[in-house]
Amino acid sequence: MNVRIIAGTLGGRIIDGSASDKTHPMSERIRNAMFNKISDEIEGAKVLDAFAGSGSLGLEALSRGASSVVFVDRDRIAQKIIEKNIFTLKVENKSQLIRANVSSWMNTTEERFDIIFADPPYHDPQLSTVTKLFGLLKPNGLMVLSYPGRGEAPTETGVVVVDNRSYGNAALAYYRRKDAV
């Protein structure tokens, strides 16, 4: 399955989507709605694409002006697709691929991010890992969580859900650190 970069300097370019049944690529309609909502925050942002899959969220962010993206995925097939997409789009100098479980990697990094995309597999939402990701946000940072359209968005002390949008079988929750609201 191919995925199209929607807008920005790489807009219209086609990248490989996920070949694994363990992932659920975000539809173009939902990606477009999400990026339109956060467009003012992308320019110059340091981004984390956790549970990266094909890397489409991080690559879209780079296309729209993010300064750098760290892609994290533990699936070997996903890692190969992300690596290929980074090279196809010639964004190696702004990209870092971490070949690890998100939870394990978080214990080894001191990095903080302006924007975090968390799109865990729907069959394994890893909510304890997702809530730990809040700790990697910079002050005033934003995290967007994609989760199955049924159920509540997870919450954690210190963060606030500032918006929640449903798109049929998928939903997006937007979080800010409490000290930024």
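1. The structure holds ten salt bridges, a salt bridge being a side-chain nitrogen of Lys or Arg within 4 Å of a carboxyl oxygen of Asp or Glu. This is a predicted model, in which local features need pLDDT of at least 70 and side-chain atom pairs count only at pLDDT 80 or more, whereas totals for chains, interfaces and linings use all residues. Residues are numbered from 1 along each chain as its sequence is written, and side-chain values use heavy atoms, with hydrogens and water left out.

2. One of the salt bridges joins Glu28 to Arg4, with the closest N and O atoms 2.4 Å apart. Glu28 lies in helix α1 (residues 28-42) and Arg4 in strand β1 (residues 2-4), so the pair ties together parts that are 24 residues apart in sequence; helices (H or I, at least four residues) and strands (E, at least two) are DSSP runs, numbered from the N terminus. Glu28 counts as partly exposed at 32% relative accessibility, and Arg4 likewise counts as partly exposed at 32%, where buried means under 20% relative accessible area, exposed over 50%, and partly exposed in between (1.4 Å probe, protein chains only).

3. Lys46 forms a salt bridge with Glu111, and the closest N and O atoms of this pair are 3.1 Å apart. Because Lys46 lies in strand β3 (residues 46-50) and Glu111 in the loop between α4 (102-106) and β6 (113-118), the pair ties together parts that are 65 residues apart in sequence. Lys46 is partly exposed at 23% relative accessibility, and Glu111 is also partly exposed, with a relative accessible area of 23%.

4. A salt bridge also links Lys138 with Asp114, the closest N and O atoms being 3.6 Å apart. This pair links distant parts of the chain, with Lys138 in strand β7 (residues 137-148) and Asp114 in strand β6, 24 residues apart. Lys138 is partly exposed at a relative accessible area of 28%, and Asp114 counts as partly exposed at 25%.

5. Trp105 counts as buried at 7% relative accessibility, and Phe113 is buried with a relative accessible area of 0%.

6. The charged end of Lys46 sits over the ring of Phe113, 5.5 Å from its centre, by the rule that NZ of Lys or CZ of Arg is within 6 Å of the ring centre and within 35 degrees of the ring normal. Lys37 lies over the face of Tyr174, at 5.2 Å from the ring centre.

7. An open sheet of seven strands, with mixed pairing, has the order β5-β4-β3-β6-β7-β9-β8, where two strands pair if DSSP finds at least two bridges between them. The edge strands are β5 (95-99) and β8 (159-167), each of which pairs on one side only. Within this sheet, β3 and β6 run parallel and are joined by four bridges, and the bridge partner of Ala50 in β6 is Ala118.
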